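Here are a few exercises on ligand surroundings, each with a worked solution. Have a go yourself before reading on.

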2 protein chains.
Amino acid sequence: NETAKAALGRATWKLLHTMTLRYPKHPTDDEREALRSYFYLTSRLYPCGECAAEFQQLLELYPPQTASRLSASGWLCFVHNKVNERLKKPIFDCAHLDDEYDCGC
Amino acid sequence: NETAKAALGRATWKLLHTMTLRYPKHPTDDEREALRSYFYLTSRLYPCGECAAEFQQLLELYPPQTASRLSASGWLCFVHNKVNERLKKPIFDCAHLDDEYDCGC
Ligand SMILES: Cc1cc2nc3c(=O)[nH]c(=O)nc-3n(C[C@H](O)[C@H](O)[C@H](O)COP(=O)(O)OP(=O)(O)OC[C@H]3O[C@@H](n4cnc5c(N)ncnc54)[C@H](O)[C@@H]3O)c2cc1C
Ligand SMILES: Cc1cc2nc3c(=O)[nH]c(=O)nc-3n(C[C@H](O)[C@H](O)[C@H](O)COP(=O)(O)OP(=O)(O)OC[C@H]3O[C@@H](n4cnc5c(N)ncnc54)[C@H](O)[C@@H]3O)c2cc1C
């Protein structure tokens with residue numbers, strides 16, 4: 001069921017991008033470790049097994065960047081674009097992240 | 001911005017419920033620890049600060065149940081209903097979880 005898989009992907013990317021864009025500009029070591037672990041756990045627990053395996057490979061090639069909000073959100077945008085590339089979807093211009101994701105908080 | 005906050009909430013619940021419904025029926029200790037950590041990290045990193053604080057309190061009162069797919073998905077449904085209660089939203093009948101969440105995988 002491709003529609004359900006796509007809807008789950010959209011929901012997940014929305015959460016992940018919004019999260020990195022609210023991540024501290026100057027995180028503590030503890031906050032960095034939390035974000036790092038969060039991505040690895042997501043890659044283990046993501047409900048679409050094929051997607052989880054793909055995400056695990058990407059994390060191996062491109063480990064999460066957690067030094068700042070800018071590096072984390074830029075890293076995630078890059079990784080999402082790697083998935084887009086593989087799925088033959090348009091590449092997103094990471095300069096527009098701030099306009100796209102508003103958590104309303 | 002309440003609309004953005006609601007959209008983020010819907011996306012997140014979708015991911016979380018789908019995840020527990022794909023969680024192993026007989027998880028290993030390692031898988032149990034992964035799911036447990038994932039929920040605590042979500043409660044720290046969730047982009048809406050007020051919602052994150054609320055979720056942390058719920059986790060303290062009702063720690064994640066990770067012994068099986070049934071216990072994890074039932075626990076999350078219960079916790080989501082606690083949020084619904086506070087927000088004066090309808091209570092969801094947890095018997096319908098399987099019909100509602102399809103990851104297409
Ligand atoms: C971790 C992960 C791995 C996945 N792996 C697979 C897989 O292996 N196979 C598979 O079929 N599906 C996979 N998916 C689902 C897939 O990535 C899409 O979510 C799904 O196909 C729906 O695509 P979409 O066109 O609606 O846009 P999505 O890719 O879901 O993106 C949603 C919206 O985000 C914006 N966006 C697009 N690119 C970026 C970017 N680089 N940075 C920020 N915002 C962006 C755009 O506005 C877009 O409409 C995966 C999803 C996740 C979360
Ligand atoms: C962890 C977390 C904490 C939140 N805390 C707050 C907060 O403190 N304040 C705030 O304003 N918003 C909070 N939100 C957002 C809020 O819960 C809703 O997501 C948002 O208001 C949109 O509501 P909705 O009516 O679209 O349905 P949602 O509650 O988003 O639910 C989406 C869909 O899931 C189904 N559903 C409903 N209940 C359940 C259940 N118990 N089990 C399974 N499926 C169910 C229904 O089909 C529903 O339409 C939080 C979100 C999350 C993820």
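**Exercise 1.** Find which of the 24 residues around ligand 1 come nearest.

*Solution.* Start by collecting the residues near the ligand, meaning those with a heavy atom within 4 Å of it. Of the 24 residues around ligand 1, the nearest are A:Arg10, A:His80, A:Arg86, A:Glu100 and A:Tyr101. A word on ground rules: this is a predicted model, where local features need pLDDT of at least 70 and side-chain atom pairs pLDDT 80 or more, while totals for chains, interfaces and linings use all residues. Residues are numbered from 1 along each chain as its sequence is written, chains are lettered from A and ligands numbered from 1 in the order in which they are written, and side-chain values use heavy atoms, with hydrogens and water left out.

**Exercise 2.** Work out which element gives the largest share of the shell around ligand 1, and how the shell divides by class.

*Solution.* First, list the helices (DSSP runs of H or I, at least four residues). In chain A, helix 1 (2-22), helix 3 (49-61), helix 4 (69-86) and helix 5 (97-100) each supply at least two residues. Helix 1 of chain A takes the largest share, with seven residues. Next, sort by class: Ala, Val, Leu, Ile, Met, Phe, Trp, Tyr, Cys and Pro are nonpolar, Asp, Glu, Lys and Arg charged, and the others, Gly among them, polar. That gives eleven nonpolar, six polar and seven charged residues around ligand 1.

**Exercise 3.** Over to chain B: what lies 2.6 Å from an oxygen atom of ligand 2?

*Solution.* Check B:Glu100, whose side chain has an N or O atom at 2.6 Å from that oxygen. Then look at the ligand's nitrogens: a polar side-chain atom of B:Asn84 is 2.9 Å from one, and a polar backbone atom of B:Cys77 is 2.9 Å from a nitrogen of ligand 2. Finish with the helices: helix 1 of chain B gives the most to the shell around ligand 2, seven residues.

Definitions and conventions. A polar contact is a pair of N or O atoms within 3.5 Å; within protein, one must be able to donate a hydrogen and the other to accept it, and residues adjacent in sequence count only if both atoms are side-chain atoms.
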